[in-house]
Amino acid sequence: MARVLVVDDAQLMCRILCAMLEKAGHEVVGVANSGQEALVLFEKKRPDIVTLDIQMADGDGLACLEDILKVDQGARVIMVTAMGRGPKEQESINKGAAAYVSKPFQAEQLYATIDEVLGGTKNTEDRSS
């Protein structure tokens, strides 16, 4: 099972993600509500996977993605966003995200994406369908 850092500025989404991850046996090693907080926790905790929202109150999740990848080029980041499919999805993958999941999503979709990312397979498919 994976050690996961959850990053989202919405407290409810953080609780939902944490509950889903823990139910599947993953360990949530930290929860961040901003990109800056995420970077600090990433450097400190070195999680196996980061779930990262694209739109946050303090700025752009894509900038946070880039910062995390500067610290560790092998970081596995799953973008979890309500932005749907489109340019941001492709931009996320181009910038190094391992996968992209659209909100709302089912727990099984998240679990399958994590399994793919842990297996080293990049998932460019939106799992909301």
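## Helix α5 and its length

Keep in mind that the model is predicted.

## Which side of α5 is covered?

Which residues of α5 are buried? They are A107, Q109, L110, Y111, T113, I114 and V117. As for what lies over these buried residues, the cover includes α1, β3 (49-52), β6 and β7.

E108 is also part of α5, which covers residues 107-118. Is E108 buried or exposed? Its relative accessible area is 55%, and exposed means over 50%, so E108 counts as exposed. Along the chain, E108 and M20 are 88 residues apart, yet their C-alpha atoms are separated by 9.2 Å.

## The whole chain

Now for the wider view. The protein chain has 5 helices and 7 strands. Read from the N terminus, the order is β-α-β-α-β-β-β-α-β-α-β-α.

Of the 129 residues in the protein chain, 50% are buried. The chain exposes about 6,100 Å², and 48% of that comes from carbon and sulfur atoms. If you look at contacts with a separation of 6 or more, 63% of them join residues 24 or more positions apart.

The largest nonpolar core has 22 residues. Which of them touch the most other members? That would be V6, L21, I49, I78, F105 and L110. At least two residues of this core come from each of β1 (3-7), α1 (11-23), β6 (77-81), β7 (99-102) and α5. The biggest giver is α1, with 6 residues.

## A closer look at I49

I49 is one of the core residues that touch the most other members. What does I49 touch, leaving out residues up to four places away in sequence? The list runs A2, R3, V4, L5, R76, I78, I114, V117 and L118. Two of these, I114 and V117, are also among the buried residues of α5, and β3 (49-52) is part of what covers that helix's buried residues.

Note on methods: Residues are numbered from 1 along each chain as its sequence is written. This is a predicted model: local features need pLDDT of at least 70, side-chain atom pairs count only at pLDDT 80 or more; totals for chains, interfaces and linings use all residues. Side-chain values use heavy atoms; hydrogens and water are left out. Helices (H or I, at least four residues) and strands (E, at least two) are DSSP runs, numbered from the N terminus. Buried means under 20% relative accessible area, exposed over 50%, partly exposed in between (1.4 Å probe, protein chains only). Contact means heavy atoms within 4.5 Å. Accessible areas come from the Shrake-Rupley method with a 1.4 Å probe; for residues, only the protein chains shown count as cover. A nonpolar core is a set of buried Ala, Val, Leu, Ile, Met, Phe, Trp, Tyr and Cys residues joined through side-chain atoms within 4.5 Å.
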